[in-house]
Amino acid sequence: MIVLYLNFVEQVTSVMSDTIRSAGFEVDDLGLEPSQHADLACRVAFKLASVAKKSPKDIAEQIASAVVLPDDSLIESIQAQGPYLNIKANRKYLDGTVATIRQKKEAFGGDFCEGTIVLEHTSANPNGPLHVGHIRNSILGDTLGRVLKRVGYDVDTQYYVNDMGRQIAIVSWAMKNFDFDSEKKGDHAIAGIYIKANAWLEEEPDRVAEIDRLMQLVESGDEETIQRFDEVVGIAVDGIRNTLLRMNVIHDDFVNESGFIRSGAVSRIVDEIKATGRTEMDDGALVVDLSDHGFEKTLVIQRSDGTSLYTTRDLAYHEWKAEQGERVIDVLGADHKLISGQLKATLRSIGKQEPEIVIFEFVSLPEGSMSTRRGKFITADELLEQVESQALVEVENRRPDMPDEFKEQVARMVGIGAVRYDIIKVSPEKSTVFDWKEALDFEKQGGPFIQYSHARACSILRKAEEEGLWDPKREIDPSVLLEDGEMVLIRKMALFDHVLERSASELKPHMLATYARELADAFNQFYRFSPVISAEEATVRNARLGLVDCARIVLANVLETLGIEAPESM
RNA sequence: GGGCCCGUGGCUUAGCCAGGAUAUAGCACCGGGCUUCUAACCCGGGGGUCGUGGGUUCAACUCCCACCGGGUCCGCCA
């Protein structure tokens with residue numbers, strides 16, 4: 001028997017709809033949501049008030065008194081409190097939640113959607129290492145991917161590699177003209193020559209023609225130039241991928257832009273756009289008129305020398321992505337807002353599927369915006385190093401007797417957890433300013449707090465097992481869990497599906513961060529007030545151990561969805 | 001100049017799109033708690049004209065308009 005929050009909502013919806021109809025009202029939206037006053041609160045009386053010409057309070061009371069609960073219900077009561085209808089879940093719901101978590105374990109939470117999604121995120125230019133702005137994209141994208149996978153979608157995450165744009169031409173050119181520091185990590189060394197090249201090109205603008213020439217050669221398929229581009233791109237992407245994996249950010253595919261030139265997809269799609277009659281020549285460049293889609297300015301899709309632009313290749317890429325999945329989602333920085341709108345409009349105009357776009361605002365430095373070209377950025381690698389070494393100090397303080405290997409491993413997990421949590425907890429439309437002091441200050445109730453809660457749960461279970469008091473396979477009787485802290489924790493765990501559902505449907509993974517904190521909070525309060533191993537009655541101790549096991553499972557599942565490792569000890 | 005985003009206690013932040021019950025949490029501040037399952041913890045307290053001014057509504061942090069402040073974008077970069 002699967003008894004969960006979503007079933008509860010279904011039952012409430014059904015009972016409430018029936019009751020309201022039998023009371024002679026009609027309504028489509030019940031306005032149900034979790035509330036601090038009940039498991040679900042219903043605001044429907046407000047909506048009915050104006051139609052029924054009665055006070056919301058009277059309507060709520062009328063509805064409440066007409067409720068007939070089915071025999072096999074998960075609903076304890078539906079009571080009017082002023083204009084609100086407060087719906088409480090019953091014991092069966094609580095006990096069922098505990099049983100379900102113990103039965104489903106790491107599969108608890110999600111698995112109620114189906115379909116395929118292509119999710120593109122990060123896609124930073126391979127002209128240097130990822131910086132602290134890029135990783136907002138990576139962490140947002142990776143967490144979103146994890147959320148979508150958990151709710152049941154088949155997700156393919158992709159990094160779109162710009163392997164033939166102007167920046168790469170500059171890097172390739174720089175490789176010949178400047179010293180490449182092979183001592184450094186590849187992506188950092190690439191940035192080194194890229195920055196120098198840009199500075200030089202600014203002083204000697206005549207040399208820009210050499211860059212243009214390289215782009216023409218690569219677009220026309222010149223083998224030697226392509227090889228030189230591939231070489232620098234490979235070096236940079238290796239470094240970037242290394243950083244991503246270090247942060248637990250996993251891409252299923254790295255897709256090269258150049259592939260769409262070579263396959264002919266780009267020229268094919270340009271022809272398709274031309275065929276709509278909305279293109280024109282402007283100063284030798286081919287532009288698309290999107291005024292009927294609300295864009296005043298035209299969109300350039302071909303340079304006057306005939307080469308393609310990022311946008312052009314992106315059109316072909318999106319056409320291809322739409323063939324790979326039913327939904328296409330892109331995570332992009334706010335600077336792409338206009339261009340992504342134009343991209344969507346162009347795809348629409350040729351009858352292609354448009355992507356769903358998740359936009360995040362910028363991360364800047366106290367002295368201004370970041371720029372790879374000007375060398376003004378803090379790299380993700382540097383951030384991770386600093387955070388991990390700070391985390392090591394914290395572990396040393398707390399667990400001085402543990403072996404170095406343990407300390408380092410915990411520092412790594414905690415450092416990454418702190419970074420990922422700090423970034424994902426803020427809603428993406430907020431622009432932020434990077435601050436070293438804040439980044440290295442392990443905020444209370446951040447990633448490490450949640451990881452700590454998980455470690456505590458593990459350590460309680462470990463100790464109980466050592467003392468022969470616990471076996472993970474043991475049957476428990478959850479109905480003896482009657483303390484406030486116990487029931488609050490169970491209710492919070494039951495909401496995991498609700499949070500996943502909203503997070504996935506709104507493409508807002510930051511909601512999961514709030515939930516993770518609340519869950520850890522509920523667990524901490526429970527074990528602070530309810531002794532587990534030293535509980536007097538065996539049945540209570542047993543049930544509490546089962547509850548700790550549940551908390552351990554749900555915390556681990558939430559952390560996994562956030563891309564944060566769950567240490568068993570820290 | 002135009003478009004878009006943001007503006008919530010000293011600082012960071014949830015809630016806003018789908019308006020309703022005392023506005024969420026953390027940091028900092030004040031007070032309390034380790035002979036008891038790891039104190040990266042827990043309990044209590046002070047602190048808010050939800051940028052400003054209008055409007056819609058029985059009800060506005062939430063919707064609409066104007067303004068102020070910050071960010072960002074505005075064709076041959078990505």
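This is a predicted model: local features need pLDDT of at least 70, side-chain atom pairs count only at pLDDT 80 or more; totals for chains, interfaces and linings use all residues.
Is V395 buried or exposed?

Okay, the answer. V395 has a relative accessible area of 6%, so it is buried. You'll find V395 in helix α14, which covers residues 380-398.

Now let's step back to the whole chain. Chain A has 570 residues, and buried ones make up 52% of them. Its secondary structure comes to 21 helices and 14 strands. Along the principal axes, the C-alpha atoms fill a box of roughly 85 × 70 × 40 Å.

Then there are the domains. The assignment for chain A gives domain 1 at 5-89, domain 2 at 121-260 + 316-364, and domain 3 at 380-561. Between the C-alpha centres of domain 1 and domain 2 you have 51 Å.

Next, a bit of backbone. Most residues other than glycine have a negative phi. Well, look at T122: not a glycine, yet its phi is positive, about 75°. S123 does it as well, with a positive phi of about 40°, and again it isn't a glycine. Where is T122? In the loop between β5 (116-120) and α5 (134-151). S123 lies in the loop between β5 and α5 too. T122 counts as buried, because its relative accessibility is 8% and the cut-off for buried is under 20%.

On to the charges. Side chains of opposite charge can pair when their charged atoms come close. How many salt bridges do we get here? The count comes to 35. Let me walk you through a few.

Start in helix α1, residues 5-22, where R21 and D18 sit 3 residues apart, about one turn of the helix. Their side chains meet in a salt bridge at 3.8 Å, N to O. R21 is exposed, with a relative accessible area of 55%, while D18 is partly exposed at 43%.

Here's another one: K352 and E319, with side chains meeting at 2.9 Å, N to O, in a salt bridge. This pair links distant parts of the chain, 33 residues apart: K352 is in the loop between α13 (337-349) and β12 (356-360), and E319 is in helix α12, residues 310-324. K352 is partly exposed, with a relative accessible area of 23%, whereas E319 counts as buried at 12% relative accessibility.

And one more: E518 and K492 form a salt bridge at 3.0 Å, N to O. E518 belongs to helix α20 (residues 510-529) and K492 to helix α18, so the pair ties together parts that are 26 residues apart in sequence. E518 is partly exposed, at 29% relative accessible area, and K492 counts as buried at 19%.

Salt bridges can also link up into a network, and here one joins D142, R146, R150, R420 and E560.

Last stop, the surface. Which residues gather in a patch of negative charge? E465, E466, E467 and D471 do. D471 is found in the loop between α17 (447-466) and α18 (484-494).

Terms used. Residues are numbered from 1 along each chain as its sequence is written. Chains are lettered from A and ligands numbered from 1 in the order in which they are written. Side-chain values use heavy atoms; hydrogens and water are left out. Patches are made of residues with over 30% relative accessible area and no salt bridge: like charges are joined within 9 Å, nonpolar side chains (Val, Leu, Ile, Met, Phe, Trp, Tyr) within 5 Å. Accessible areas come from the Shrake-Rupley method with a 1.4 Å probe; for residues, only the protein chains shown count as cover. A salt bridge is a side-chain nitrogen of Lys or Arg within 4 Å of a carboxyl oxygen of Asp or Glu. Lys and Arg count as positive and Asp and Glu as negative; His and the chain ends are not counted. The place of a charge is taken as NZ of Lys, CZ of Arg, CG of Asp or CD of Glu. Helices (H or I, at least four residues) and strands (E, at least two) are DSSP runs, numbered from the N terminus. Domain bounds come from an automatic or database domain assignment. Buried means under 20% relative accessible area, exposed over 50%, partly exposed in between (1.4 Å probe, protein chains only).
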